[in-house]
Amino acid sequence: MAKLGYTFKTEEVEDSPFELMPIGEYTAMITESELRQSRKGFEMLVLTFELQDDKFTGRKIISYLNVGHETESVQNMAMQDLKRICAALGMDKLDDTDDLHHKRMKIKVDVQKGKPYTDKETGEVREGYDNNTIKGYFSVNGSTSNASAASGDGSEPSAKKVPAWKQKG
């Protein structure tokens, strides 16, 4: 338990409705990165992108890359996204995700429709919330790297082997 040291009064806090960002390209930088375990126990790389322009400056979008997923196709999608991020930043190797931090890039933001869910307390089916997702990565000078584009090198990481970005050398 934590004593606040003051009385919090909800009526004194102004409502600030959450506003989705419109679909489009935005300048952003990765400000945080961490390897975490997903709820299912798979390794994922969590990247926090902070927007640097427009009225959304300071706004954050979190991207979850399933780099250690058991399903090869899911892991491959994560590796392709990581490759695109590196390409957008002009990097061809990555040993430490801190090397991705505080470098400007363009991201393509999309809106993902919320999925209906069942409220655990009431059993009611409720409408899910829409959210913003990242669908592409670009260098600030304009070269493109779409999230849906093929890598072109024919490589596919195996779910059984160590991901290339974790290998030494």
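Start by selecting strand 1 and strand 2, which run antiparallel and are joined by nine bridges. Helices (H or I, at least four residues) and strands (E, at least two) are DSSP runs, numbered from the N terminus, and two strands pair if DSSP finds at least two bridges between them. This is a predicted model, in which local features need pLDDT of at least 70 and side-chain atom pairs count only at pLDDT 80 or more, while totals for chains, interfaces and linings use all residues. Residues are numbered from 1 along each chain as its sequence is written, and side-chain values use heavy atoms, with hydrogens and water left out.

Within this pair, pick R36 and its bridge partner M44 in strand 2. Then move to the hairpin of the two strands, where five residues lie between them and G41 takes a positive phi near 90°.

Stay on strand 2 and colour by burial. Eight of its nine residues are buried (under 20% relative accessible area, with exposed meaning over 50% and partly exposed in between, for a 1.4 Å probe and protein chains only).

Now select strand 4 and strand 7, an antiparallel pair with seven bridges. K108 has G136 in strand 7 as its bridge partner.

Show these five strands together: they form an open sheet in the order 3-2-1-4-7, with antiparallel pairing. Strand 3 and strand 7 stand at the edges with a single partner strand each, so one side of each has no neighbour in the sheet.

Which strands does helix 1 lie across? Select the helix: it lies across strand 1, strand 2, strand 3, strand 4 and strand 7. After the helix comes G90, whose phi is positive, near 75°.

Finally, zoom out to the whole protein. It has one helix and seven strands, in the order β-β-β-α-β-β-β-β from the N terminus on. Of its 169 residues, 36% are buried.

Terms used. Contact = heavy atoms within 4.5 Å. Axes fitted to C-alpha atoms, helices over the stretch in contact; angles between N-to-C directions.
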